[in-house]
Amino acid sequence: MQKQEFLELFKAAQRAAKYASDENSPEVSRCIQFMKRLKEAPATLVIDVVLNTNSIGNGIRFLRDHKNPQIRSEAELLSDLWRRYLYATGREQSGTSKDSV
């Protein structure tokens, strides 16, 4: 997966969530499918996009606060995965700087 595809999937998930009118709406399943595909992105890509794209933070917050429990739940899983990637990167960088001292 490339950065452009990642960003397009994320925008598509947001759009689907925006138009998800009720639990039986096809937009709910579409949004969830987009988020599941985002979970397949390599950690290095996620880290790059999350750290360098301002709209990602607000977008994931929108999904995590969504009125639909299925969208909320999947967004929490996605957010937790991304957070683990970011924390792991921070620990690796801290370990590298300690080793070089």
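Me: Is Thr-53 buried or exposed?
Reply: Quick heads-up: this is a predicted model, where local features need pLDDT of at least 70, side-chain atom pairs count only at pLDDT 80 or more, and totals for chains, interfaces and linings use all residues. Residues are numbered from 1 along each chain as its sequence is written, and side-chain values use heavy atoms, with hydrogens and water left out. Buried means under 20% relative accessible area, exposed over 50%, and partly exposed in between (1.4 Å probe, protein chains only). Thr-53 has 17% relative accessibility, so Thr-53 is buried.

Me: Which residues is Thr-53 in contact with, leaving aside neighbours within four places in sequence?
Reply: Thr-53 sits in the loop between helix 3 (43-52) and helix 4 (54-64); helices are DSSP runs (H or I, at least four residues), numbered from the N terminus. Contact here means heavy atoms within 4.5 Å. With those neighbours set aside, the partners are Lys-3 and Leu-7.

Me: How many aromatic pairs are there?
Reply: Rings of Phe, Tyr and Trp (its six-membered ring) pair if their centres lie within 6.5 Å; planes under 30 degrees apart are stacked, over 60 edge-to-face, the rest tilted. By that rule, the count is two.

Me: What is the angle between the planes of Phe-6 and Trp-82?
Reply: Phe-6 is in helix 1 (residues 3-19) and Trp-82 in helix 5 (residues 69-99), so their pair ties together parts 76 residues apart in sequence. The pair is tilted, 5.6 Å centre to centre, and the angle is 35 degrees.

Me: What is the relative accessible area of Phe-10?
Reply: Phe-10 also forms a tilted pair with Trp-82, at 6.0 Å and 40 degrees. Phe-10 is buried, and its value is 2%.

Definitions and conventions
Helix = DSSP H or I, 4+ residues; strand = E, 2+ residues; numbered from the N terminus.
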